[in-house]
Amino acid sequence: MTSIPLFHVLILSSLLFAIGFVGVVARKNTLFILMSLEVMLNAIGVAFIGAGSVWQQADGQVMFILILTLAAVEAAVGLALLIRMQKKYRSLDIDLLSQMKG
Amino acid sequence: MLANLASIDSLFYLSGLVAVIASLKVVTGNNTVHALLYLVVSLLAVAVCFYLMGAPFAAGLEVIVYAGAILVLFVFAVLMFGLGKDETTHAPQNKGLANMFGAMTLAFALLIEMVIIINNGDMQQSLQADVIDSKAVGIMLYGPYLLAVEIASFLLLAGLLAGYHYAKPDISEGQL
């Protein structure tokens, strides 16, 4: 790490994570919830890269690549589900899904 | 004068600020396409942060895979949704470039940052000093983390199958 303290990296990471979390909890549009999830995964990546560069180990970047894979799969499956939802309900309101039973 | 202001620290804080502002705009946005635009800016700002933290390989991956592939997937999905009524009726009228102004300003700040970094020889040297290069990452990936890579490939396969299964036209509803 050059001169950026780890503490500040973690502050940035937790700020981004909190913003994404508020988005997931507060939004009604499912597409915005997916975007907020991307922001959250990105924040975790910041924490991993910061820690990896403090200790000068490659493990942080390895974990970032795995998170990247997870984000790609999550976006693909989530968007496919959203397309189904749009076809069925003609809307992306997450409250419509509260009637699922069993 | 500019060289005094531009330390690696201050550039990191600036790009972090850009990331936070852009993420806030993503979460609070009304229009889907504008929110996606801000999401791209947020990812690019985080990529600049990675570069300044000595991880240029991760920064490149962030731009290519996140901003290049995942966000394009989102854009395709938004195009398929056709921007439902509840999104467009409350959105402001088309004002030309005015809609893109905020995102473009943030992206322009990131561009200026990158130009400052590339032009500053001292900064380049101190960044080069503790870079973790892609060779080290590759050795780790195919050494101790081999099992994790295999599991990630299974995850990708599962995602592929799930995407195919969900996006397949429904047989019971007749043709699509």
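View 1. A:Gln56 belongs to the loop between H2 and H3 of chain A, and because it has 13 C-beta neighbours inside 10 Å it counts as partly exposed.

**View 2. Helix H3 of chain A and its partner, helix H4 of chain B.** In H3(A), which covers residues 59–89, the 31 residues should span 45 Å at 1.5 Å a residue, and the end C-alpha atoms, 44 Å apart, agree with this. Just after H3(A), A:Arg90 takes a positive phi of about 60 degrees. Two packed helices are described by the angle between their axes and the distance between the axes. For H3(A) and H4(B), the axes come within 10 Å and cross at roughly 0 degrees, which makes the two helices roughly parallel. The residues of H3(A) that meet H4(B) include A:Phe64, A:Leu68, A:Ala72, A:Leu79 and A:Ile83, and among those of H4(B) that meet H3(A) are B:Leu61, B:Val65, B:Ile70, B:Leu73 and B:Phe81. Sorted by type, the residues of this contact are 22 nonpolar and 2 polar, with no charged residue.

**View 3. Helix H1 of chain A alongside helix H2 of chain B.** The axes of H1(A), residues 6–26, and H2(B), residues 8–28, come within 9 Å and cross at roughly 5 degrees, and the two helices are therefore roughly parallel to each other. On the chain A side the contact includes A:Leu12, A:Leu16, A:Ile19 and A:Gly23, while on the chain B side B:Gly16, B:Val20, B:Leu24 and B:Val27 are among the residues that take part. The residues of the contact of H1(A) with H2(B) comprise 9 nonpolar and 4 polar, and again no charged residue is found.

**View 4. The side of chain B that touches chain A.** Here 53 residues of chain B are in contact with 50 residues of chain A. The elements that give two or more residues to this side of chain B are H2, H3 (32–52), H4 (56–81), H7 (121–129), H8 (134–141) and H9 (146–167), and H4(B) gives the most, with 12 residues. By type, the residues on this side of chain B divide into 42 nonpolar, 9 polar and 2 charged. For the complex, the predictor gives an ipTM of 0.91 and a pTM of 0.86.

**View 5. B:Leu106 and its surroundings in chain B.** B:Leu106 is found in helix H6 of chain B, which takes in residues 101–119, and it is buried because 23 other C-beta atoms lie within 10 Å. Leaving aside residues up to four places away in sequence, B:Leu106 touches B:Val18, B:Ile21, B:Ala22 and B:Val41. For B:Val41, which is 65 residues from B:Leu106 along the chain, the C-alpha atoms of the pair are separated by 7.0 Å.

**View 6. B:Gly60 in helix H4 of chain B.** B:Gly60 has its place in H4 of chain B and counts as partly exposed, because 14 C-beta neighbours lie inside 10 Å. B:Leu161 is 101 residues from B:Gly60 in sequence, and the two are 28 Å apart in space, C-alpha to C-alpha.

**View 7. Chain B as a whole, with the confidence of its elements.** The secondary structure of chain B comes to 9 helices and 0 strands. Buried residues make up 33% of its 176 residues, and of the contacts in chain B with a separation of 6 or more, 69% join residues 24 or more positions apart. The mean pLDDT of chain B is 82, and 82% of its residues reach 70 or more. Where pLDDT is low, the predicted coordinates should not be read in detail.

Technical notes:
Residues numbered from 1 in each chain as written. Chains lettered and ligands numbered in written order. Predicted model: local features only at pLDDT ≥ 70, side-chain atom pairs only at ≥ 80, totals over all residues. Helix = DSSP H or I, 4+ residues; strand = E, 2+ residues; numbered from the N terminus. Buried ≥ 20, exposed ≤ 12 C-beta atoms within 10 Å, placed from the backbone. Contact = placed C-beta atoms within 7 Å. Axes fitted to C-alpha atoms, helices over the stretch in contact; angles between N-to-C directions. Parallel < 35°, antiparallel > 145°, perpendicular 65-115°, else oblique. Nonpolar A, V, L, I, M, F, W, Y, C, P; charged D, E, K, R; others polar. pLDDT = per-residue confidence, 0-100. Expected span 1.5 Å × (residues − 1).
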